[in-house]
Amino acid sequence: MKKINFKKVVYFGCGVVAFCLVSFIFVWVMFGNSLPDVEDFDNAVIVQSVSIYDRTGEVMLYNNTASENRHIVSLDEIPDIVVKSTLAAEDHNFYSHGPISIPGILRSFIANLKSGSLAQGGSTLTMQLARNAFLSNEKKYERKLKEIILAFRLEGFYSKDDILEMYLNQVPYGYNAYGIESGSRLYFNKPVTDLNLTEAVYLASILNAPSYLSPYGNHRDDLEARKEYVLKKMYKLGWISEKELEDSLEEEVVFVPKNVSMIAPHFVAYVQQLLVEKYGKDRVESGGLKVISTLDIDLQRMAEKVVQEHSVLNEEKFGVKNMALLSQDPKTGQILAMVGSKDFFDLEDEGNFNAVFGLRQPGSSFKPFAYVKAFEKGYTPDTVVFDLQTNFSNNSDPYVPVNYDHEYVGPVNLRNALAQSRNVPAVKTLYLAGLDNVINFAKECGVTTLTEKPSYYGLPLVLGGGAVNLYEMVGAYSVFAQDGVYHEQSPILKVIDYDGTVLYEYEDSYTEVIDSNYVRMLNDVLSDNVARTPLYGTYYNPMFFGNNIPVAAKTGTSQDYRGAWIFGYTPNLVTGVWVGNNDYSPIKKEGSGGMVAAPVWHDFMEQAIVKMGIEYFFPPTVPKISKPMLNGEYVTQIDDTVQVHSILYYVDKNNPLGRIPKYPSFDSQFDNWEETVVNWANKMFVGFGDKLNAEFNSDIYAVSFKEEGETGEVMQMEFVSPVNGGNFSANLEVKVIGDYLVKKEVYLNDMYLGELNFIENVNGYKIYKYMLPTEGISGACVIKVRLVNKNGDVLEKYINVYR
């Protein structure tokens, strides 16, 4: 091991100290005379207000120093536990170090170099006081040097107790509350002298980021984590006992909002959160920023009024305690109105939680993503699928979705299936469109919450099996309103610094995620009042605004009635509504999206359309397709034989416009779908007798060919080994009913191998075997047996196996 040269280390350390000393003297000379006089602390400009306006720049939504709330208390009046909580959170070595903390500054300097930002400040409590009282909050190294100079001056003129007292009387706690006394009254409605340990720790925790860690915001979990950190640090420092630690961690504290003046509070809190993420808490709290938001004050007031009007009725009738509404301009992605709950300040029902961002299952409101991707593949609104009770599972765990009315209507085209929100056709449509395709499309539309592998969600995804939030879903539906173009969502138009510098200005960011014609097909379906009448009725239809006002919409109901949704749009406005309970408890079973959420949405849109004006959707171009099922016809006829099959009989789901599959049962869902269709057809076409070509075997699918004029002999065949969908086995065994067989041909992947060999008669069956080749066989294989009797009747059956 190489020995350490301590002499060089000492020389290096002395060099660093000398450099720092020279730099400090230089900075003192450069800036010292221009800095404020710390002796005149009472006249210091403590804060420059941050103002948030509506999109016109005329209506102030929030100003963090409007009616500034400040109460001065002496250090002697502040309980020791409050002081220790603050020191533990901000600067526990305050009384033992000088104006600056060299280790703290070095740590922040290195961290900032690594991150390429100025996120960490390394400030002592004295430096924080200097910054808050005398300097702007722009994060520059120049400002940090000024902080250091002022910190030395402060500690040269004031005692540690004086500095701590000044700090506790001017530090911001959010919502216009400055100083510990104001913070105590704001959050707990009591003087600082009455605070207990837990309350004191909460106040100390909030100091780290008053906007982000507000107990009235969406980051309560982060506030709890900060509280736990401060408590454990106090215990580690020996300032509280183990019992006090445990009791405080378990204690539930009630926050009492008071005298907070704010328009659109959930929206303002969201804007503040974004500002803190971009510019840091100090600059947002007291940096003099002027923010022009995207909020339309007229639409916001409409939204708040509608939510309030429906809140009482919905709670009495459906047991609903909360709702949220979000509206945006689909042409720009700009947020126009946001209501996160019925009452921001109703903490008993967690009104401060912004339900716009709550993760919930969207129910049927996710269906349009599957349908539009199906249209992209070549299916059309005229395409027919069968709405029949179907088990979509191929294993022992069945998946049998049911419709909302527990009934099945048989053949239905995709237009009516979506407009009337039939569940079984929706699951089939997702399968045809492709699960991966639909998930990727939703992500391209701005949905970020579907983070699991596709297999995690499976086919139930189309019925709401993946958690989403209202904010991103409104953004995603905007793609439909804008002919397939996604515009990045934004609540901010402009941010202006205290000196007039424009820090940020909105620029539209957009991406075309799907061809416009497929979206136009979807819009034509979702705005079709005739198609959705069977679901919503003729006389009361919350999606109907008049014959000349086309509005597209889709409702959704979460599993077990844990929430109700609706998303609706015109080309110039998209609005989503969620109704439910924050604790995820179910609402009454009558509370579907159409019954609970749709009336709220309708009343808002009815007023909003008047303000925004009427715009019309472009009509789609729907191709004419001759293939059965795709052309809307589910019954075909060849000579005297009626053909009724599932759609998978006619299409390869990955290429529906291509040739009819030669082996439809190669599709893993074919047997599941075909069996229900055949059973349905046998009941519906009772009078057709032999003219109905509908027979099904659960293991295999047979196509029988009968020559014209022949009476035919009975032929039946069943594979014994291997089984359909199973592993390849060289020992092919079939059992047959039929006499006078002239051909018993065996094929492997369409290659003729030879004739079956008769083995024995068992219970009326003839047992035949054939030894299949194994060399060069791998992957998916199709084994076919073709029987021909003396009359020329043909029976072909095949299975899919894997090696």
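Glu760 stands opposite Ile767 in β27. Strand β27 covers residues 765-771 and runs antiparallel to β26, to which five bridges join it. Strands here are DSSP runs (E, at least two residues), numbered from the N terminus, and two of them pair if DSSP finds at least two bridges between them. This is a predicted model, in which local features need pLDDT of at least 70, side-chain atom pairs count only at pLDDT 80 or more, and totals for chains, interfaces and linings use all residues. Residues are numbered from 1 along each chain as its sequence is written, and side-chain values use heavy atoms, with hydrogens and water left out.

**Background**
- Strands of a sheet pair through backbone hydrogen bonds, in either a parallel or an antiparallel way.

**The sheet with β26 and β27**
- Four strands make up an open sheet, ordered β22-β23-β27-β26, and their pairing is antiparallel.
- Its edge strands, β22 (716-721) and β26 (757-762), each pair on one side only.
- From one strand to the next, the twist averages 25°; axes are lines fitted to C-alpha atoms, and angles run from 0 to 180 degrees between N-to-C directions.

**The sheet with β15 and β16**
- Another open sheet holds five strands in the order β8-β7-β17-β16-β15, paired antiparallel.
- β8 (334-339) and β15 (552-557) stand at the edges with a single partner strand each, so one side of each has no neighbour in the sheet.
- Neighbouring strands of this sheet are turned by 10° against each other on average, direction ignored.
- Six bridges pair β15 with β16 (residues 563-570) in the antiparallel sense.
- Thr557 has Ala564 in β16 as its bridge partner.
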